[in-house]
Amino acid sequence: MTVVKAAAVQLSPVLYSRAGTVGKVVEKILELGRKGVQFAVFPETVVPYYPYFSFVQPPYAMAREHLRLMEEAVTVPSADTDAIGAAAREAGMVVSVGVNERDGGSLYNTQLLFDADGTLIQRRRKLTPTYHERMVWGQGDASGLRAVDSAVGRIGQLACWEHYVPLARYALIADGEQIHAAMYPGSFGGALFAEQIEVNIRQHALESACFVVNATAWLDADQQAKLAADTGAPAAAMSGGFFTAIADPEGRIVGEPLTSGEGEVIADLDFELIDRRKRLADTRGHYSRPELLSLLVDRTPASHLSERDAHTRIHSLTASGETRDTQ
């Protein structure tokens, strides 16, 4: 029988500081490791912080904040990802963390998954940024839309409103995820947003018959006031929407969710519950009808440059013996 001790972490970023926020993530990983936690999920783009400005500022006014985020964003790999990986290795913990990833002149909403030996085993980008987020982040591809094996089991990851995309969720269900890492921004959308998060994660747990470990970020009153001053928006626009929790394969919330403050929800994930649920409804097996309904996923990594060179083509054909004398 497999039992995994998991933590959903509600964490405040250090506003405007990649180094500061990475330091908080590293400190929390080590703290949870001392508590015996084997798997932890951190909030969406918590490193260095979620782009709240894009929700409250018109496009012509957001240049300063957008550039500031670009300067503080994470490159992969880097000393920052090395530090998180080293903490995961020291704690013997599998870690899922959301970052603003910078690739050249573009930013992406990226989920990083580190194995218990510190190896980065998945980097996936949010497929379609939501509404205001499209002004900040580029689109991801489906190369990371898969569950991956780790020291604690088979893990899938999705960010925020990707949970509103049934086919994206089913791609992970069909890939046999046992633990699902979900993450949302927090300090956003108010009470309704928190209610919707709960619906999202409980429904996915039920349909997939897996555990969902979900993290949202927390902004305290001083941080909200700072963002309000810097963006000219009311602090209320950067508040609410907190629901850090763990759901089991029956769709039940395990323990008490966090709806305010920093902290974590810790629970034991008993994989026997997966079999109990799937015995009744295995949506990737006996409760599916692939001859009637199926999903096609193109997991080819997107590339902005594909080379076609006549000389290279001729050399390749010659080496393989496919050329012939045309004289």
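**Close-up views of a predicted model**

**View 1. W161, Y164, V165 and L167 make a nonpolar surface patch of about 370 Å².** Patch members have over 30% relative accessible area and no salt bridge, with nonpolar side chains (Val, Leu, Ile, Met, Phe, Trp, Tyr) joined within 5 Å and like charges within 9 Å. A salt bridge here is a side-chain nitrogen of Lys or Arg within 4 Å of a carboxyl oxygen of Asp or Glu. Areas come from the Shrake-Rupley method with a 1.4 Å probe, and for residues only the protein chains shown count as cover. This is a predicted model, where local features need pLDDT of at least 70 and side-chain atom pairs count only at pLDDT 80 or more, while totals for chains, interfaces and linings use all residues. Numbering runs from 1 along each chain as its sequence is written, and side-chain values use heavy atoms, leaving out hydrogens and water.

**View 2. R18 sits in helix α1 (residues 18-34).** Helices are DSSP runs (H or I, at least four residues), numbered from the N terminus. R18 has a relative accessible area of 23%, so it's partly exposed (buried is under 20%, exposed over 50%, partly exposed in between). Its side chain makes a polar contact with the side chain of D80 (3.0 Å) and reaches the backbone oxygen of E71 at 3.1 Å. A polar contact is a pair of N or O atoms within 3.5 Å; within protein, one must be able to donate a hydrogen and the other to accept it, and residues adjacent in sequence count only if both atoms are side-chain atoms.

**View 3. S78 is in the loop between α3 (63-72) and α4 (79-91).** With 14% relative accessibility, S78 counts as buried.

Note on methods: Helix = DSSP H or I, 4+ residues; strand = E, 2+ residues; numbered from the N terminus. Buried < 20%, exposed > 50% of the residue type's maximum accessible area, 1.4 Å probe, protein only.
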